[in-house]
Amino acid sequence: MAKISVQFTLNGSERAEFVESGTTLLAALRDKMDDTSPKGGCHQGACGACTVMIDGELRLSCLTLAETCNGAQIRTTAGLANGEVLHPLQRAFEDAFAAQCGFCTPGMIMAAAALLERNPNPDRADVVEAISGNVCRCTGYEPIIQAVLLAARANSTSAA
Amino acid sequence: MGISLQTFSTASEAQAALGVSGARYMGGGTLVVRAVNEGDLLFSTIVRTTDPALSAIGTSDAGVRIGASVTMSMVLAHPGLSYLAPAARAVGGPAVRNMATVGGNLFAPAPYGDFTVALLALDAKVSISGSGEMALEAFLQERDSLGASALVTSVTFAAPTPDSFRFLKVSRVHPKGAAVLTIAADIREEAGSVVQARIALGCMADRAIRAHAAEVALVGRPRTKEGIAPALTAALEGIAPPTDAIASAWYRREVLPVHLGRLLLS
Ligand SMILES: Cc1cc2nc3c(=O)[nH]c(=O)nc-3n(C[C@H](O)[C@H](O)[C@H](O)COP(=O)(O)OP(=O)(O)OC[C@H]3O[C@@H](n4cnc5c(N)ncnc54)[C@H](O)[C@@H]3O)c2cc1C
Ligand code: FES
Ligand code: FES
């Protein structure tokens, strides 16, 4: 099958690769660009483990063809930390014990990041809605909800 | 087998490309790419268009036009479409809503197609590239025989009057889950009785259907428990709910009058 070129900005860096036509963004990120932070859980859109941001919008990388992303800005959980300094959401997930096996965590964090960028002071219902496309089999969700609320509070305290 | 993707800047070029055997149109891709991942061998070429006309929403006194590539999130963000917000919000989680298009929803099999149920109760018309408009109800019946080259460009309808439009999706998994059933109704009343009713049902067949018998049974009667009783019985006429992982056909049939009654009295 013909290879096609894909070129986009991944977490601030220009990236270009040849992939087989029909390759999903998830496969391109993981297999070609060494960004294994988005996980492949179901490849059906149902689990949210592969959630990334494309041009500032939350998307499922398993249902996105890589070649439709040419010229786009892609963000994944791998790009959230600032060097050694964790992103407030990453720190809150650690503090609130919101990750057990951790498989859902990158998707949860991207969904939460999209929420906090739009709405820095969410209530519990906003958080539940924001992560409603993400499945967690370990935590029972409550620690994740608390972590997102904690990160929002930490952000508003540091902004004050 | 590999898949090739063809992107066209106009809907008419995309429509022409769909005439080739093995081609499948892609809107947001939530169902098409899922099929690719599952190894669907029925198509080898994916066709899409970036035509800006398909991403436009127009609201005027003359009516509402929603382009086929408009996503559920775009509907939610539009201040003139607030009556459709509950239907748009009913489709998947936030990431799915950023991808799922109005055009793709018209083709989604039960238990999907929630937004289409709302459009059916609004008596929407479907515009097809190169072949004009047709009523959504007829489109849904004929969509499988229209062929792969039938490219939907937009849906149009008259906005409902304030408070006449109602929408309900019942699911088991909260806050998001596929539908046990979906109901949309546009009910107009004068002097305490119903003068016009359009009721659409999701998950009562393999695609959205109108509950014509229930509509007839409602007109001329008050919207009270007694007034709507004949409509609740009539709603069961002609339905053939699917059995799937969400609910059995029996269960869907049993709960339809309950939820329809609640929606009509709300
Ligand atoms: C996790 C998940 C949850 C979901 N939950 C829901 C839900 O709650 N409710 C619901 O209704 N749906 C749901 N869906 C199904 C789907 O996302 C929606 O129905 C969506 O609106 C489909 O649109 P799309 O643009 O992604 O379709 P695509 O995948 O792009 O296309 C679907 C079909 O429609 C055809 N098509 C698309 N656009 C056009 C057009 N303009 N002209 C002609 N043919 C066209 C395609 O050829 C294909 O056959 C869900 C899907 C996933 C993956
Ligand atoms: S892998 Fe993409 S949603 Fe599950
Ligand atoms: S922590 Fe294991 S799936 Fe969420």
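Helices and strands in this tour are runs assigned by DSSP, numbered from the N terminus, and the model you have open is a predicted one.

**Stop one: a buried arginine**

Begin by selecting Arg207(B), which you will find in the loop of chain B that runs between β11 (193-202) and β12 (209-210). Is this residue buried or exposed? Buried means under 20% relative accessible area, and Arg207(B), with a relative accessibility of 11%, therefore counts as buried. Now show the side chain of Asp144(B) as well, because the side chains of Arg207(B) and Asp144(B) make a polar contact of 2.8 Å, within the 3.5 Å cut-off for such a pair. Leaving out residues up to four places away in sequence, Arg207(B) touches Leu140(B), Gln141(B), Arg143(B), Asp144(B) and Leu201(B).

**Stop two: ligand 1**

Next, select ligand 1 and display the residues around it, of which there are 33, with Tyr25(B), Gly27(B), Gly28(B), Thr30(B) and Thr101(B) coming nearest. Colour the model by chain at this point, since the residues that surround the ligand come from chains A and B, and the site is therefore shared between chains. Which kinds of residue make up this shell? By class, there are 17 nonpolar, 12 polar and 4 charged residues.

Then look at the oxygen atoms of the ligand. One oxygen atom of ligand 1 lies 2.6 Å from a backbone N or O atom of Tyr25(B), and an oxygen atom of ligand 1 is 2.5 Å from an N or O atom in the side chain of Thr30(B). At Val32(B), a polar backbone atom is 2.8 Å from an oxygen atom of the ligand. On its own, ligand 1 has 970 Å² of accessible area, and the protein covers 93% of it. If you switch to a cartoon view, the elements that give two or more residues to the shell are β2 (23-25), α2 (32-37) and α6 (102-105) of chain B, and the largest share, 3 residues, comes from α6(B).

Move on to helix α10 of chain B, residues 225-234, and select its buried residues, which are Gly227(B), Ile228(B), Ala231(B), Leu232(B) and Ala234(B). These residues cover an arc of only 160° around the axis, which puts them on the same side of α10(B). An α-helix has 3.6 residues a turn, so residues three or four places apart point the same way.

What do the buried residues of α10(B) pack against? They pack against α9 (212-218) and α11 (249-265) of chain B. Not counting residues up to four places away in sequence, Pro257(B) touches Leu232(B) and Leu236(B).

**Stop four: backbone details**

Most residues other than glycine have a negative phi, and most peptide bonds are trans. With that in mind, select Ala110(B) and Pro111(B), which are joined by a cis peptide bond with omega at about 10°; Pro111(B) is found in the loop between α6 and α7 (114-121) of chain B.

Continue to Asp163(B), in the loop between β8 (152-157) and β9 (165-171) of chain B, where phi is positive, near 70°. Finish at Ala191(B), in the loop between β10 (179-190) and β11 of chain B, which has a positive phi of about 45° although it is not a glycine. Asp163(B) counts as exposed at 71% relative accessibility, and Ala191(B) counts as exposed at 88%.

Conventions
Residues numbered from 1 in each chain as written. Chains lettered and ligands numbered in written order. Predicted model: local features only at pLDDT ≥ 70, side-chain atom pairs only at ≥ 80, totals over all residues. Heavy atoms only, no water. Helix = DSSP H or I, 4+ residues; strand = E, 2+ residues; numbered from the N terminus. Buried < 20%, exposed > 50% of the residue type's maximum accessible area, 1.4 Å probe, protein only. Polar contact = N/O pair within 3.5 Å; in protein donor to acceptor, adjacent residues only side chain to side chain. Contact = heavy atoms within 4.5 Å. Near = heavy atom within 4 Å. Areas by Shrake-Rupley, 256 points an atom, 1.4 Å probe, with all protein chains shown as cover. Nonpolar A, V, L, I, M, F, W, Y, C, P; charged D, E, K, R; others polar. Arc of directions from axis to C-beta.
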